[in-house]
Amino acid sequence: MQTIDNFNFAGKKAFVRVDFNVPLDENFNITDDTRIRAALPTLKKILADGGSIIIGSHLGRPKGVADKFSLKHIVKHVSELLGVEVQFANDCMGEEAAVKAAALQPGEVLLLENLRFYAEEEGKPRGLAEDATDEEKAAAKKAVKESQKEFTKKLASYADCYVNDAFGTAHRAHASTALIAKYFDVNNKMFGYLMEKEVKAVDKILNDIKRPFTAIMGGSKVSSKIEIIENLLNKVDNLIITGGMTYTFTKAMGGQIGLSICEDDKLDLARELMQKAKDKGVNLVLAVDAKIADSFSNDANTKFCPVNEIPDGWEGLDIGPKSEEIFAEVIKNSKTILWNGPTGVFEFENFTHGSRSVGEAIVEATKNGAFSLVGGGDSVACVNKFGLANGVSYVSTGGGALLEAIEGKVLPGIAAIQE
């Protein structure tokens, strides 16, 4: 497989798929440019070699052309970070994009308009009536899939080589993230530096495990993490279940959880997962106490109590001090650590303590030689908020892509490069 370090971009035009899906305020100012900065090493390597770049990205989830989702809003900032005046094509298709791409000279950069302005990027039909028949839906899907081939072929025609540096979209078989790779031979398609690091980090977590291996899984719903949990039960030594899922498991064991979030239709599932963990010899760790509140608010009245004795009218919004100690002890004795999901409502300052204590324990374990991977939007937000990001081995930008990789799924954007 080709690597970006071994490839010489001199005189070549590279189509680089990045994830510039950054948040914008009401005045179209970027409020967090992490994703743009993450792609800079790849872009700068190509320019340093004497290559030129056609950048492709999406922004938001448009259902057609919409000014608020236009990538024109980020051109100036990308230019400043890259140190090169970035050109812009008002359409990722059409004559303007083709002419500007063809005219690119070494050291020049062209940013294409939002790829998702076209239904062909995602390969999903748009504008179907709510009462559309199955036949109409099937015909619309077939039409989009057929036009998707021409869309993909056109994107590929702009460049001599293809670089995928958008791990955040690697789990989507979209035109620019997977299908386009088929138009480049094995020597002219590769991962960018960010993608390369993400793939290696996930591989280390799943296939190069130093034990004990501990996964900390937070989140509000068991149903959204079921496949991840089941896959991890085949790999980990310790599984810490925390966040809102705590209360579904607690109620499944007969506990009283007051107004705490709970999936009542998943109580049997929680019991099954506990039995599977026992059968596989996995140490399933759950909170024993909680920080509870009398309303879902940062300013609510609070107190600590056993997690299975939460009184009526109160709800658990974070773990308590005893749980913090138990979690930290398990984490500090681990050699491989995966963290996905906070322990509580960390957006509220009064309910950040549990997540912070988990983060600090991971940092300590990392100092002592553990490999730690933090992934998923809320977990990443946690380590950034607490200033702990530099103390862990790797912070993934992946989100959904990371979770699907952990589930054991093959990611189309990765497979397309490795084929």
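Here, buried means under 20% relative accessible area, exposed means over 50%, and partly exposed is in between (1.4 Å probe, protein chains only). The model is predicted, so local features need pLDDT of at least 70 and side-chain atom pairs count only at pLDDT 80 or more, while totals for chains, interfaces and linings use all residues. Residues are numbered from 1 along each chain as its sequence is written, and side-chain values use heavy atoms, with hydrogens and water left out.

**View 1. Tyr118 and Phe151 form a tilted aromatic pair.** Rings of Phe, Tyr and Trp (its six-membered ring) pair if their centres lie within 6.5 Å; planes under 30 degrees apart are stacked, over 60 edge-to-face, and the rest tilted. This pair has 5.5 Å centre to centre and 40° between the planes. Tyr118 is partly exposed at 24% relative accessibility, whereas Phe151 is buried at 3%.

**View 2. Tyr162 and Phe184 form a stacked pair.** Their rings are 6.1 Å apart centre to centre, with 20° between the planes. Tyr162 is buried at 0% relative accessible area, and Phe184 is buried too, at 7%. Ring pairs also bring in Phe15, making a cluster with Tyr162 and Phe184.

View 3. A disulfide is a pair of cysteine sulfur atoms within 2.5 Å, and a search of the whole structure turns up zero. Cys92 is buried, with a relative accessible area of 1%.
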